[in-house]
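Reader: I am new to this structure, and I would like to learn how its features are read.

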Amino acid sequence: MFKQFLSKLPRNKSSKSDSAESPRTNSARTPRSNGANLSPSSASARSNNVTKRTAVFPTSVVAGIEPLVPFTEVPNAEKMNLFVSKVSLCCVTFDFTDPSKNSVEKDVKKQTLIELVDFVASGSTRFTESAILAMCRMCAANLFRVFPPNYRSKSSGGENDDEEPMFDPAWPHLHLVYDLLLRFITSSCLDSKVAKKYIDHSFISRLLELFDSEDPRERECLKTILHRVYGRFMVHRPFIRKAINNIFYMFVSETERHNGISDLLEIFGSIISGFALPLKEEHKIFLWRVLVPLHKPKSVGLYFQQLSFCITQFIEKDPKLASTVIGGLLRYWPVTNSQKEMMFLGEIEEILEAINMVEFQRLMVPLFWRIGCCINSFHFQVAERALFLWNNDHIVNLIAHNRMVILPIIFPALERNAQTHWNQAVLNLSLNVRKIFMEMDEELFMSCHAHFKEEEAEIGLVAEKRKEAWERLENAASLQPITGNTAVLGGGKPEEMALR
């Protein structure tokens with residue numbers, strides 16, 4: 001029995017004849033190659049040239065898979081060799097769209113993965129470089145794949161997108177591979193200095209590509225794994241941030257279609273919370289060029305909560321960035337999407353709660369001009385959300401200290417709502433806000449009221465003059481001779497005749 005087991009283990013030293021006859025076997029054991037670049041097909045092609053005695057990467061012939069002995073039946077000195085053999089056995093992939101196909105072999109692989117998870121969790125043996133290489137190649141063979149077209153949503157998505165997510169039929173095996181990778185990365189038996197050579201930029205890039213999976217369970221696993229990679233491999237942190245930024249750039253500028261934006265933003269929320277002060281220029285550029293433009297896509301509702309959290313994290317660390325953020329929100333303010341308008345107003349309120357007086361004064365004029373437009377919105381929910389800002393004591397305090405500037409901007413919107421708005425709730429809220437301003441500064445309120453009356457009178461006078469001008473123009477046209485079906489005007493241009 002022990003001799004049979006040894007025949008299945010990879011040999012650490014090969015004979016000269018083996019070296020001459022099987023050059024691919026030696027190259028498979030060389031830890032310099034990049035595991036992230038190995039696809040299932042390339043793993044299978046390489047394994048076809050490997051003899052049974054040194055089957056680090058087994059044959060892709062499904063019928064050739066055999067269960068190996070458990071870890072408990074081998075001495076400690078041989079456990080790592082057995083680990084490599086078991087990991088290599090799991091490089092073989094199957095078609096899970098047909099549950100009845102290769103059911104025995106699938107069960108063998110599943111049990112092997114479970115055994116590997118338990119072994120890594122026990123933390124009994126330090127991982128060798130060949131074990132790290134084999135592990136990365138197995139993950140590449142099983143996880144790294146291109147999603148078929150039907151894996152993606154056919155619509156761009158939105159905040160009311162009720163489309164059911166698609167679940168990968170191979171998830172029972174994929175979940176075990178993800179669990180194994182997570183335990184492997186977080187294991188105390190893993191040497192980070194060695195592992196970073198194989199969990200490299202290419203490997204991380206392929207992991208990030210998987211965030212476009214429609215299976216939310218897979219994205220959740222990826223999120224946890226990327227957190228651990230970012231925390232353990234400090235040398236890769238700048239690359240991870242840059243790679244995620246590129247995904248955001250592609251999403252905003254080109255596709256506006258990606259399934260993992262909310263998950264990537266959640267990861268970045270944790271990253272931002274760990275930024276040291278003062279903030280680097282790189283991080284401020286990320287805020288302006290990435291986070292703020294993410295408000296533009298129609299599907300912002302799918303990731304708005306995570307985006308708002310990232311924005312808030314930045315402002316808490318540096319309140320001076322509030323004017324930058326609000327300026328960007330005003331730039332991307334929705335014109336025809338009432339749901340987005342309400343989300344923007346909610347984010348404005350969160351920002352104003354954390355803003356200081358100096359930054360507030362820098363942006364209050366364009367901000368309250370936009371709020372005034374929202375107050376006059378015919379969509380009653382938008383108007384209500386804008387008027388609810390006066391329920392926030394901190395915002396009311398900011399307004400009170402700057403009422404000389406803000407009230408003249410807001411007063412016309414409040415007065416028009418109080419006179420003509422169709423929704424009774426909006427009308428009542430407008431009257432309440434008017435009352436707040438009157439109690440705040442009655443003299444200023446009456447001055448704004450008088451000025452509003454004068455402006456309304458001027459607007460009415462201009463409208464009346466315009467109406468009279470058009471009436472004179474129509475009368476003049478009716479008195480002119482008609483050539484064919486067209487009236488011919490004489491005696492000057494129509495504008496001149498209308499003003500005579």
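Author: Let us begin with asparagine 81, which is buried because its relative accessible area is 15%, where buried means under 20%, exposed over 50% and partly exposed in between, with a 1.4 Å probe and protein chains only. The model is predicted, so local features need pLDDT of at least 70 and side-chain atom pairs pLDDT 80 or more, while totals for chains, interfaces and linings use all residues. Residues are numbered from 1 along each chain as its sequence is written, and side-chain values use heavy atoms, leaving out hydrogens and water.

Reader: In which helix is asparagine 81 found?

Author: Asparagine 81 belongs to helix H5, residues 76-89, helices being DSSP runs (H or I) of at least four residues, numbered from the N terminus. Between asparagine 81 and serine 130 there are 49 residues in sequence, yet 9.0 Å in space, C-alpha to C-alpha.

Reader: How are two packed helices described?

Author: The description uses the angle between their axes and the distance between the axes. Here helix H17 (residues 338-354) packs against helix H20 (residues 393-401) at an angle of about 70°, with the axes 9 Å apart, axes being lines fitted to C-alpha atoms over the stretch in contact and angles running from 0 to 180 degrees between N-to-C directions. H17 is therefore roughly perpendicular to H20, a term for angles of 65 to 115 degrees.

Reader: Which residues of H17 and H20 meet?

Author: Glu349, Leu352 and Glu353 in H17 meet His394, Ile395 and Leu398 in H20, contact meaning heavy atoms within 4.5 Å.

Definitions and conventions
Helices (H or I, at least four residues) and strands (E, at least two) are DSSP runs, numbered from the N terminus. Angles under 35 degrees count as roughly parallel, over 145 as roughly antiparallel, 65 to 115 as roughly perpendicular and the rest as oblique.
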